[in-house]
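Subject: Model for you to look over

Hello,

Here is the structure I promised to pass on. Please open it first, then read my notes below.

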Amino acid sequence: MTIIGWKTRYSQILKEFEFSKKKDLDSAKKLDSLLKQKKESFSKIKKIISQNTVIVIGSGESLETAIPIIKKLKKTPKIAADSSVSELMKNKIIPDIVVTDLDGEERYLKKIAKSNSFMVVHAHGDNQEKLEMVKNFNNCIGTTQTESFGVLYNFGGFTDGDRCVFLADSFGAKDIILFGMDFGKKIGKFSQTKHADTKIKLKKLRWGKKLLEWLATKSKSNLYTTSDPIKGFKKISYNDLDDIIIT
């Protein structure tokens, strides 16, 4: 189910960020072992996404203005990057799916994981210690950026935000609409990024945008963004949503 061409992008990411493929694989093996006893949620996630209009929510600067709009879209499936979860929950918005590498606010992740939301947990070289959290997640599947194996999937994508889009595309969403997905030179205030990590975070965001532009050349979904422009995604206003979403 991995998108064709991902292996090349992954090799480029490893080289540019000096990541260890071995550490990624070790983390993936741990997540696989932790999830083998979990009830399969794959088919349920497919039902949420397949042939539906879905919205993907990031934690960029535009999330603040998007919140009132998102609250009105009660029936539209929502896929959220974990950095947006705290703000969404504060506004009583519960995503259907949360894509996470477990670096969001732990108390909110634990709280939402006990709801009916589905957690799509990603293994990478730096989050092995946090993976134990999945033991307490009700509905969960695991992902890896290495080759798929065991009960782990590789839908493509690098940051939580762009992985949300790759996930929606992989499951055949009819329309994918981005909210709070800004890939500019500024990190959104809802992000949990520490000041010391700002440069690396911005570099990751540039890669996230680059990957979405690549995905747009392959995707069969209709791609839209209410956030910063992304090549291959139609830029729309909130007023345009009525033409896409049936409320």
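Buried here means under 20% relative accessible area, exposed means over 50%, and partly exposed lies in between (1.4 Å probe, protein chains only). Helices (H or I, at least four residues) and strands (E, at least two) are DSSP runs, numbered from the N terminus.

A word on the source. This is a predicted model, in which local features need pLDDT of at least 70 and side-chain atom pairs count only at pLDDT 80 or more, while totals for chains, interfaces and linings use all residues. Residues are numbered from 1 along each chain as its sequence is written, and side-chain values use heavy atoms, with hydrogens and water left out.

**Sheet**

The sheet is open and has nine strands. Their order is S6-S5-S4-S3-S2-S1-S7-S8-S9, and the pairing is parallel. Two strands count as paired if DSSP finds at least two bridges between them. Strand S6 (152-153) and strand S9 (234-235) are the edges, each pairing on one side only.

S1 covers residues 53-57, and five of its five residues are buried. On one side, five bridges join S1 to strand S7 (residues 175-179), in parallel. Ile 55 stands opposite Ile 177 in that pair. Three bridges join S1 to strand S2 (residues 78-81), also parallel. There, Ile 57 faces Ala 80. From S1 the chain crosses through helix H4 (residues 63-72) to S2, and this β-α-β crossover is right-handed. Right-handed means that, with the strands pointing away from the viewer, the path from the first strand over the helix to the second runs clockwise.

In a regular strand the side chains alternate between the two faces of the sheet. S2 has Lys 78 and Ala 80 pointing one way, and Ile 79 and Ala 81 the other. All of these are buried. Val 56 stands opposite Ile 79.

S2 pairs with strand S3 (residues 97-100) over three bridges, in the parallel sense. Ala 80 is opposite Val 98 in S3. The chain goes from S2 to S3 through helix H5 (residues 85-90), and this β-α-β crossover is right-handed.

Strand S4 (residues 118-123) is joined to strand S5 (residues 140-144) by five bridges, in parallel. Ala 123 stands opposite Thr 144 of S5.

**Helix H1**

H1 runs over residues 6-17. At 1.5 Å a residue, its twelve residues should span 16 Å, and the end C-alpha atoms are 16 Å apart, which agrees. The expected span is 1.5 Å times one less than the number of residues.

Which residues of H1 are buried? They are Trp 6, Tyr 10, Ile 13, Leu 14 and Phe 17. Contact means heavy atoms within 4.5 Å. Glu 18 follows H1 and has a positive phi, near 55°.

Arg 9 is also in H1. It is partly exposed, with a relative accessible area of 23%. Arg 9 touches Trp 207, Leu 211 and Trp 214, not counting residues up to four places away in sequence. Arg 9 and Leu 211 are 202 residues apart in sequence, yet 8.3 Å apart in space, C-alpha to C-alpha.

Cys 164 is in no disulfide either, with the sulfur of Cys 140 as its nearest, 14 Å away. Cys 140 is buried, at a relative accessible area of 6%. Cys 164 counts as buried too, at 0%.

Best wishes

Notes: Disulfide = S-S within 2.5 Å.
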